[in-house]
Amino acid sequence: MKHKVVDHLFRHHYGKMVAILTRFFGLSYIESIEDAVQDTFIKATSQWRTKIPENPEAWLNRVAKNRTIDILRSIQAEKNRNLTITSGASTLQIDELFLDHEVADSQLRMIFVACHPNLHPNEQIAFALKTISGFSTKEIASALLTKEDTIVKRLTRAKKSIRENNIQFIYPNPEAVHDRMIRVMEVIYLTFNEGFHSTNKDKLIKEDLCGEAIRLCQLLLKKEQFRSGSLYALFSLLCFHMSRLESKISIDNQIVNLKEQDRTKWYFPLVKMGNSAMNKAVEYDDTSVYHYEAAIASEHLNAKTFEETNWKKIAYWYEQLYAFEPNPFILLNHATVCLQLSDFEKTLRLLNSIDVSDLGQRAYLFYGCYAEYYIKKGEKELAISFLDKALLQTSNTLEKEFLNKKKGELIG
């Protein structure tokens with residue numbers, strides 16, 4: 001239970017603490033700050049075994065601040081300089097930075113630092129996921145479908161670039177906001193996706209990550225200069241997906257596919273928020289993948305039952321989405337929809353056009369779709385063979401159980 005509390009606080013407070021301390025001490029000390037925050041959570045795990053403090057957030061903030069001061073003092077001592085920020089006006093100033101409105105401001109600044117044009121796009125996303133959402137290198141590698149050592153190199157290069165280019169902890173100029181926002185939204189989208197369909201071995205859903213992505217979106221929407229049709233569409237999409245979260249996993253911790261989900265568990269106040277955001281989105285001139293994805297998600301939510309789903313409309317939106325921005329995952333999702341329409345010829349054509357290596361750690365979804373194709377065609381042996389391939393490609397325990405159950409039904 002104690003570990004769950006620490007994990008929850010880590011997801012909600014890691015990025016905030018890094019942002020606040022960076023705003024005070026400066027970006028040049030980002031590595032020391034990250035170390036200090038990491039040390040704080042390790043200390044919490046150890047010291048909270050018997051009792052959790054009455055105000056855990058305040059405890060974390062105080063310990064992280066003091067740990068950062070200790071680290072920086074030792075760094076300065078090596079340079080034969082004294083760092084005197086442990087009392088007086090400086091301490092008061094850093095304490096004030098932990099006020100809610102200052103926390104939000106610091107995190108927004110960090111988002112835009114992470115997406116600075118002097119950083120390579122790959123470095124931007126890796127750095128943002130690390131500093132803002134507290135992703136481990138393994139989680140970043142999973143989200144970006146790449147190797148851990150590649151992520152380590154990207155993070156190292158990002159921090160080096162921040163130092164060498166003397167990047168400041170400030171908002172971008174108005175003319176640079178649009179380009180920077182494209183990356184910011186991508187980071188939020190990836191954060192949500194890792195929560196909604198996690199690559200974690202034992203947990204399919206990480207509600208904290210989904211909530212963090214929505215919170216970051218809301219922070220941006222509060223400031224008029226960052227609003228756009230794309231940002232509202234992204235927020236709409238996240239609300240739509242989040243509304244179905246409770247129905248994705250059963251009471252006995254089993255995956256529930258869309259067809260079997262209890263639609264009474266869908267949280268419609270979030271759907272209402274998503275609809276409101278989508279109405280705002282179409283008031284702007286810009287269009288994005290988030291507009292199309294939100295339209296697809298909305299079609300699922302509009303159907304009272306799985307059988308009443310307007311699959312033709314969803315297939316249309318996937319065609320539009322692929323024309324807007326080609327992506328192998330769009331082809332895979334489109335193939336799944338064509339299966340629902342019993343358009344086997346098009347399903348096979350779409351699947352054959354996908355290079356499975358482009359799907360990285362989600363390759364099991366490709367083999368799973370092939371298995372569904374052969375199930376619908378009545379070819380059980382081929383279906384089982386593709387389920388076996390899917391099982392070899394996933395490390396998630398719940399996914400394995402889901403695939404094994406389907407395999408067992410076919411054999412039985």
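This report walks through the cores, ring pairs and charged pairs of a predicted model.

## Ground rules

Local features need pLDDT of at least 70, side-chain atom pairs count only at pLDDT 80 or more, and totals for chains, interfaces and linings use all residues. Residues are numbered from 1 along each chain as its sequence is written, and side-chain values use heavy atoms, with hydrogens and water left out.

## Nonpolar cores

The largest nonpolar core has 101 residues. A nonpolar core is a set of buried Ala, Val, Leu, Ile, Met, Phe, Trp, Tyr and Cys residues joined through side-chain atoms within 4.5 Å. Buried means under 20% relative accessible area, exposed over 50%, and partly exposed in between (1.4 Å probe, protein chains only). F41, F127, M181, I188 and L220 have the most contacts inside this core.

F41 touches V6, L9, F10, H13, Y14, M17 and L60, leaving aside its neighbours within four places in sequence. Contact here means heavy atoms within 4.5 Å. Another core lies apart, with 30 residues, among them I249, I255, Y370 and A390.

## Aromatic rings

The structure holds 19 aromatic pairs. Rings of Phe, Tyr and Trp (its six-membered ring) pair if their centres lie within 6.5 Å; planes under 30 degrees apart count as stacked, over 60 as edge-to-face and the rest as tilted. F112 and F226 form a tilted pair, 4.8 Å centre to centre with 35° between the planes. F112 lies in helix α5 (residues 100-114) and F226 in the loop between α10 (207-221) and α11 (229-242), so the pair ties together parts 114 residues apart in sequence. Helices (H or I, at least four residues) and strands (E, at least two) are DSSP runs, numbered from the N terminus. Both F112 and F226 are buried.

F306 and W311 are also both buried. Their pair is edge-to-face, at 5.3 Å and 65°. F344, F366, Y367, Y370, Y373, Y374 and F386 form one aromatic cluster. The charged end of K389 sits over the ring of F386, 4.6 Å from its centre. The charged end of K248 sits over the ring of F196, at 3.8 Å. Such a placement needs NZ of Lys or CZ of Arg within 6 Å of the ring centre and within 35 degrees of the ring normal.

## Salt bridges

The whole structure has 13 salt bridges. Each is a side-chain nitrogen of Lys or Arg within 4 Å of a carboxyl oxygen of Asp or Glu. K159 and E34 meet at 2.7 Å, N to O. K159 lies in helix α8 (residues 148-164) and E34 in helix α2, so the pair ties together parts 125 residues apart in sequence. K159 is buried at 12% relative accessibility, and E34 is buried at 4%.

E212 and R215 form a bridge of 3.2 Å, N to O. Both lie in helix α10, three residues apart, about one turn of the helix. K313 pairs with E299, their closest N and O atoms being 3.8 Å apart. R23, D105 and R109 are linked in a network of salt bridges.

## A buried charge without a bridge

R263 lies in the loop between α11 and α12 (268-281). R263 is buried yet has no salt bridge. The nearest side chain of opposite charge, E307, is 6.9 Å away. Lys and Arg count as positive and Asp and Glu as negative; His and the chain ends are not counted. Beyond four places in sequence, the contacts of R263 include H300, K304 and F306.
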